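Colleague: I'm new to this one, could you walk me through it? I'll ask as we go.

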Amino acid sequence: MLIARHQTAGRGRHDRVWTTGPTGALTFSVGVGVGGATAAMGWLSLLAGVAVADALARTIRFDATPGVKWPNDVLIAERKVAGVLSEYIAGPDGG
């Protein structure tokens with residue numbers, strides 16, 4: 001896992017530029033080995049978003065329940081508080 005205090009060369013959906021100022025957001029990258037289960041990769045962003053919304057609901061009290069807007073945004077009271085971008089990169093064996 002890589003964690004950054006700020007991000008200046010991030011990439012969002014559709015190759016949009018993504019930046020965050022110092023201490024303005026939590027930004028991190030996580031590598032996940034899939035062991036050949038590439039058919040399920042399309043669900044990864046949605047499942048990660050559900051996990052984030054669930055963790056927020058369990059640890060912080062909000063006036064509204066955190067939820068997920070398809071396919072990858074975490075919302076609280078219709079305000080985006082997180083986004084998940086997943087990308088598949090084939091390994092050296094092509095899988």
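Colleague: Is Arg-58 buried or exposed?

Modeller: Arg-58 counts as exposed, because its relative accessibility is 68%; buried means under 20% relative accessible area, exposed over 50% and partly exposed in between, with a 1.4 Å probe and protein chains only. Please keep in mind that this is a predicted model, in which local features need pLDDT of at least 70 and side-chain atom pairs count only at pLDDT 80 or more, while totals for chains, interfaces and linings use all residues. Residues are numbered from 1 along each chain as its sequence is written, and side-chain values use heavy atoms, with hydrogens and water left out.

Colleague: Which residue forms a salt bridge with Arg-58?

Modeller: That is Asp-54, and the closest N and O atoms of the two are 2.8 Å apart; a salt bridge here is a side-chain nitrogen of Lys or Arg within 4 Å of a carboxyl oxygen of Asp or Glu. Both residues lie in helix H1, four residues apart, which is about one turn of the helix. Helices (H or I, at least four residues) and strands (E, at least two) are DSSP runs, numbered from the N terminus. Asp-54 counts as partly exposed, because its relative accessibility is 36%.

Colleague: How many salt bridges does the structure hold?

Modeller: The structure holds two, and one of them is formed by Lys-80 with Asp-73, whose closest N and O atoms are 3.2 Å apart. Lys-80 counts as partly exposed at 43% relative accessibility, whereas Asp-73 counts as buried at 11%.

Colleague: Switching to the strands, in what order do the three of the open sheet come?

Modeller: The order is S5-S6-S7, and the pairing is antiparallel; two strands pair if DSSP finds at least two bridges between them. The edge strands are S5 (67-69) and S7, each of which pairs on one side only. From one strand to the next the twist averages 40°, where axes are lines fitted to C-alpha atoms, for helices over the stretch in contact, and angles run from 0 to 180 degrees between N-to-C directions.

Colleague: And how many bridges join S5 to S6?

Modeller: Three bridges join S5 to S6, and Val-68 has Val-74 as its bridge partner in S6. Between S6 (residues 73-76) and S7 (residues 79-83) there are four bridges, and Ile-76 has Arg-79 as its bridge partner in S7. S6 and S7 form a hairpin with two residues between them, and Ala-77 in the turn has a positive phi of about 50°.

Colleague: What about aromatics, which residues form an aromatic pair?

Modeller: The count comes to one aromatic pair. Trp-43 and Trp-70 form it edge-to-face, 6.3 Å centre to centre and with 75° between the planes. Rings of Phe, Tyr and Trp (its six-membered ring) pair if their centres lie within 6.5 Å, and planes under 30 degrees apart count as stacked, over 60 as edge-to-face and the rest as tilted.

Colleague: Where do those two Trp residues lie?

Modeller: Trp-43 lies in the loop between S4 and H1 and Trp-70 in the loop between S5 and S6, so the pair ties together parts that are 27 residues apart in sequence. Trp-43 is partly exposed, with a relative accessible area of 48%, while Trp-70 counts as exposed at 61% relative accessibility.

Colleague: Last topic, where is Val-32 found?

Modeller: Val-32 is found in the loop between strand S4 (27-29) and helix H1 (44-59), and Val-32 counts as exposed because its relative accessibility is 53%.
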